[in-house]
Amino acid sequence: MLNAGCKKEALAVLERANKEYQSTYERTVKNISDLHQKRLEALITLKAVEGYIQNLANKPKEYDKIVSEIVVRRNKFESDLKILELESKKADKVSGGVAGAGVVAGAGVAAFAPTAAMAIAMTFGTASTGTAIATLSGVAATNAALAWLGGGALIAGGGGMAGGGAFLALAGPVGWAIGGAALVGGGVLANSKNKKIAEKAEISTRTVKNETVRIKKVDIKVGEIRKTTISLNTEISKLIIVMSQLGLKDYIRFTEDDKNNLRKMMNSSEALSQKIGEIVT
């Protein structure tokens with residue numbers, strides 16, 4: 001058949017691109033979920049620091065100020081998380097769960113588990129409209145998270161959740177892979193001419209490859225935040241354990257080494273409180 005070989009090769013290239021995309025996508029979602037878990041662990045550490053400083057006698061006033069700032073950042077993170085959890089439960093009752101949210105009807109593919117959706121929402125912070133994801137409903141939050149992970153505006157001038165090539169008409173990063181799979185299986189373009197199928201497969205391949213590159217960049221940023229979060233959390237945890245075991249409850253009795261350790265713990269705690277609220281842009 002005319003252009004049959006061209007079509008076959010184009011679809012094979014698209015299939016390989018989709019496999020790489022899906023692998024990158026799934027790895028990124030996993031890493032975002034892991035980052036979220038590390039941030040939850042950091043909250044526990046920050047609360048321990050707050051408690052220690054509040055019970056420390058004769059401490060410099062500057063440490064009270066630092067703790068106040070830490071509390072504000074921690075409370076914001078916990079407040080955003082609580083809103084998402086509550087809204088997710090409401091959406092779960094109304095729609096039977098957020099699985100499938102963000103995917104066009106008929107696509108038949110689940111988006112994220114609720115926990116992963118919240119992790120993504122907390123990591124990206126705002127929807128493409130500029131609305132804080134934490135203020136959206138559970139399903140809307142999932143949609144916004146998908147839009148962010150899916151590029152926000154996948155085509156110049158538009159779209160996020162509604163974006164993408166007309167022949168795909170699918171939402172979010174999952175949609176791109178599904179669309180490619182549909183092409184491979186002949187679903188979308190079953191009745192098209194071979195040359196047309198090849199051309200559209202090539203367009204889809206470029207889009208998928210571009211998204212793969214972009215999501216890899218997101219994954220790198222997530223990895224950097226995760227690495228710093230773990231490092232700060234580990235350092236602070238060790239310091240507070242040492243100081244507690246030494247029974248250091250009165251600043252007047254601190255040695256110079258003790259004071260240096262306390263200063264280090266407070267500086268790291270301040271940095272950690274900023275890191276848990278850092279969003280990926």
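Let's start with a pair of charges: the side chains of E78 and R74 meet in a salt bridge, 2.8 Å from N to O. By salt bridge I mean a side-chain nitrogen of Lys or Arg within 4 Å of a carboxyl oxygen of Asp or Glu. Both residues sit in helix α2, and because they are 4 residues apart, about one helical turn separates them. Helices here are DSSP runs of H or I with at least four residues, strands are runs of E with at least two, and both are numbered from the N terminus.

Before going on, please keep in mind that this is a predicted model: local features need pLDDT of at least 70, side-chain atom pairs count only at pLDDT 80 or more, and totals for chains, interfaces and linings use all residues. Residues are numbered from 1 along each chain as its sequence is written, and side-chain values use heavy atoms, with hydrogens and water left out.

Back to our pair. R74 is buried at a relative accessible area of 9%, while E78 is partly exposed at 23%. The cut-offs are under 20% relative accessible area for buried, over 50% for exposed, and partly exposed in between, using a 1.4 Å probe and protein chains only.

Helix α2 holds another such pair. K76 and D80 form a salt bridge with their closest N and O atoms 2.8 Å apart, and they too are 4 residues apart, about one turn of the helix. Here K76 is exposed, at 54%, and D80 is buried, at 19%.

Further along, K275 and E278 meet in a salt bridge at 2.7 Å, N to O. K275 is buried at 16%, and E278 is partly exposed at 30%. Through shared partners, salt bridges also join K47, E50, R74 and E78 into one network. In total, the structure holds 12 salt bridges.

Now for the nonpolar side. Which residues have the most contacts inside the largest nonpolar core? They are Y52, I53, F254, L262, M265 and M266, in a core of 30 residues. A nonpolar core here is a set of buried Ala, Val, Leu, Ile, Met, Phe, Trp, Tyr and Cys residues joined through side-chain atoms within 4.5 Å. The elements giving it two or more residues are α1, α2, α3, α6 and α7, and the largest share, 7 residues, comes from α2. Apart from this core lies another, of 22 residues, with L14, Y25, I120 and F124 among them.

Let's look at L14. It lies in helix α1, residues 4-54, and is buried, with a relative accessible area of 0%. L14 and T205 are 191 residues apart in sequence, yet their C-alpha atoms are 5.0 Å apart in space.

The protein averages 73, and 64% of the residues score at least 70. Confidence is highest in α7, at a mean of 96, and lowest in helix α5, residues 172-185, at 42. Over residues 94-111 the pLDDT is below 50, and over residues 146-191 it stays under 50. The model has 102 contacts beyond four places in sequence for residues 146-191, a contact being heavy atoms within 4.5 Å.

Notes
pLDDT = per-residue confidence, 0-100.
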